[in-house]
Amino acid sequence: MTTKLMGTKVQRVEDDRLVRGTGRYVDDVAPDALHVAVLRSPHAHARILSIDVEAVLDIEGVHAVWTYEDLDGAMAEPLPLLIPHPTLTHGRTQYALAKDEVNYVGEAIAMVVADNRYLAEDALASIVVDYELLPAVVGIETARAAERLVHDDVPGNVAARMEQSNGDAAAAIAAAPHTLSLDLAIERSACMPMEGRGVVAKWDADNGRLQVWSSTQTSTGVRAAVAAKLGLDLLKVDVITPDVGGGFGVKINHPWPEEVLVPLAAMRLGRPVKFTEDRREHFISSAHERAQLHHVEVGFDDDGRVLGLDVRFWHDHGAYTPYGLIVPIITSTQLLGPYKPGAYHVQFDSLYTNTVIVTPYRGAGRPQGCFVMERTMDAIAASLGKDRAEVRAVNFIQPDEFPYDHGLIFQDGRELEYDSGDYPAMLTKIKDLVGWDEFEQFRAEMAGQGRRVGIGLACYVEGTGVGPYEGAHVHIETSGKVKVATGLTSQGQGHQTAFAQIVADELGVRFEDVEVTTGDTRRMPYAVGTFASRAAVMSGSAIHKAAKKAKEKALRIAAEALEADVEDLEIADGVVSVRGTDASIPLGTVAVLSNPLRYAFDEASKAATQFSVGDPGKPPVAEGDEPGLEGKDFYSPPRSTFASGMHAVIVETDPDTCEIKILKYAVVHDCGHLINPMIVEGQIHGGVAQGVGGALYERMAYDESGQLLNASFMDFLMPYVTEVPTSIDIDHLETPSPLNPLGIKGAGEAGVIPGSAAFAAAIEDAERLSITAMPISPSELFALRQAASTNAGETP
Ligand code: MCN
């Protein structure tokens, strides 16, 4: 009897290899490749008057130096705008190499291909660029003021203005017994995967075939872009994503300039070519996120029930909009969290600034939305003198109200309709886990020792598993081993383990016998990518369906071989047997029987001969079946599935130094049925660590001229292990999704979403100060204390 693996803590198969240093990353591919170095703009906004590359050509070891002038065909066109939107009336994307103008420090201007990176980097110094400097637009306030423009033809620096509403929010607020206004800000930050971006290309001129290895979250997206830009047929381009040292969203944008420039160089030079991003490049030439200013108007009743909510916000989009409006659209819809907002109106402006582009970073607009809504809940509770958890509870969507339609359109263009959840049960769990009701006693004890503590709570709902589709291919070898392929990529989420669990359960094979490949267009050419916490829902469901097909075929063939009815068969540990008898056949032998050619020529066919299945010349493949023991299928959901969670944190603030210490961090999480609770908890741990970074440490410090002042790990503060909680108390709730066969919802971004909201609440509770902007540093907390005591007429 094979034990079901769904829901069990199976050890990750990836880890042994990775922790021993035997992973294979893009930079490990083609050690003999030529290297690319990119000349990047030192100015945030400038016209390029001339570029002189003459001196570079004389340098020994340099194979090529190219600027925009050397690009032709589709390569000379701007990079694609991946997700257009009707309101994105002024979308702009950059060129692979800048044409005429640069719009942020770090924008690619020229490339050198040389024997090695050292030579290529040195050669960049010999390129002479004549710039006419233009005034830079840095920060949301400057962009809004529009005294100067990022793009001459974009009035007001507004790339897009979008609004949605459900009901008449203004009227509801005007009629409400209580009202509040809040201004809330989140600063710009970015994800910092250990491995930066990277790409390698090899051109096989004899076969007209291009092979590309990319550290990407979408190998099929890169493939489509490379083929289109270089004028190649899709079937002549393979994109392989080997091990990826983290993506966290930034690697979903594609193609990066280097992702098309490196293949172009490989084709032109007939040699393997490589680009590996360094850390400084990651800071100034990949992508950032998060920066938004928000204005909230809310009307509510005596219980704290929201009657009307109006949110206006401004999104810093950086210099270009390659990924469309996904981030602000997510904020505008997902800020509603688990609540019924009464009448709702939201409007945002997506603004150009002369800074690095903005694309989704884990959480993608949700940390901002959660901050806005949870700050609003806390403000309502404070104004009514009510318990913060109680105010949340009166606003919850109730378990019997699902599916719950918010009357809005979500990021995927479909209705914002929650599929399932149980927010009251979750609130009970988080209160128990963190000790909410006992906290005042703890506060008093701490105060007795001269210590200041505070508690904060934040709730969120997260749309996960967005479409349109993912596919899977399950192939049973004659050895009985099972090879599974799905097209989306892995950056550390443990897909090889979780997907193997699904296949082992469905097929009845041993977990050890299943091997999963992701992100290789040679194995699965149709796929979308890994983002929006969609792999478990999308590929998990597709794999489940494909395994089911393979199983049905195996049972059909085995039934004929065993002269039994399909209904009487079962598969366990990779062997098909007739229930209640000794008759059985290994799946590997069924695979032999499924393929007449293999039967004739394959050594493994001996097994079939020994098994004696009747006429060896007549393969028992049912009429209409294709040869081979495999199953292929796709999954396409009707709409997103909505996971949810609640975080609570207890902090201590130092009365003298303003240091903020985490005493307890608790998480209750609902991602439907869990495939692997250990992986999900690992995802939560990583997310919480990023949430701590976003709340207390990480920000992009631009000066007025658009120079990023902290573009290194010396200056950009990422939390070390010493700054993240040593233990996180986690409890799960499983409200299955009715939208997919396994009842799952996504989990990959959840941990990061409520970080800023929960910390702001806890610090506010400890300090009795209003916290309206995150992240918050000890010196900012000190300034707030000083301002408060000055206002109160005390000596600071
Ligand atoms: N899982 C599960 N049961 C569920 C849901 C998920 O066991 N009910 C497991 C899945 O099988 C998968 C993991 O949890 O192994 C995450 O699944 P999912 O929520 O589907 O998220 P994705 O796999 O699509 O990963 C994307 C998500 C995003 S959007 C970012 S950003 C992110 C993240 O995952 N980047 C990561 N987690 C990351 N983790 C690592 N180590 N590195 C990154 O770059």
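The structure is a predicted model, in which local features require pLDDT of at least 70 and side-chain atom pairs count only at pLDDT 80 or more, whereas totals for chains, interfaces and linings use all residues. Residues are numbered from 1 along each chain as its sequence is written, and side-chain values use heavy atoms, with hydrogens and water left out.

R639 takes part in a salt bridge with E415, with 3.5 Å between the closest N and O atoms (a salt bridge is a side-chain nitrogen of Lys or Arg within 4 Å of a carboxyl oxygen of Asp or Glu). R639 is located in the loop between strand 25 (630-635) and strand 26, and E415 in strand 17 (residues 415-418), so the pair ties together parts 224 residues apart in sequence. Helices (H or I, at least four residues) and strands (E, at least two) are DSSP runs, numbered from the N terminus. With a relative accessible area of 35%, E415 is partly exposed.

Strand 26 (residues 641-653) is largely enclosed by the rest of the structure, because 13 of its 13 residues are buried. T641, A643, G645, H647, V649, V651 and T653 point one way from the strand, while F642, S644, M646, A648, I650 and E652 point the other way. Strand 26 runs antiparallel to strand 18 (residues 452-464), to which 13 bridges join it; pairing requires that DSSP find at least two bridges between two strands. Within this pairing, I650 of strand 26 is the bridge partner of I455. Strand 26 also pairs with strand 27 (residues 660-670), in the antiparallel sense, over 10 bridges, and H669 of strand 27 is the bridge partner of G645. Strands 26 and 27 form a hairpin with 6 residues between them, and C658 in the turn has a positive phi of about 65°.

A further salt bridge involves E652 and R451, whose closest N and O atoms are 2.8 Å apart. This pair links distant parts of the chain, since E652 belongs to strand 26 and R451 to the loop between helix 13 (439-448) and strand 18, 201 residues apart. E652 counts as buried at 11% relative accessibility, whereas R451, at 30%, counts as partly exposed.

In total, 52 salt bridges were found in a search of the whole structure. One of them joins the side chains of R40 and E281 at 2.9 Å, N to O. R40 lies in strand 1 (residues 34-40) and E281 in helix 8 (residues 279-285), 241 residues apart. Both R40 and E281 are buried. Salt bridges with shared partners join R40, R117, E121, R197, E258, E277, D278 and E281 into one network.

The structure holds 0 disulfides, a disulfide being a pair of cysteine sulfur atoms within 2.5 Å. The sulfur of C370 is too far for a bond, because the closest cysteine sulfur, in C459, is 7.6 Å away. For C671, the closest cysteine sulfur is also in C459, at 17 Å, and is too far for a bond. C370 counts as buried at 4% relative accessibility, and C671 counts as buried at 3%.

S350, in strand 15 (residues 343-351), counts as buried at 0% relative accessibility. Contacts of S350 (heavy atoms within 4.5 Å), not counting residues up to four places away in sequence, include N157, V158, H315 and P328.

Key: Buried means under 20% relative accessible area, exposed over 50%, partly exposed in between (1.4 Å probe, protein chains only).
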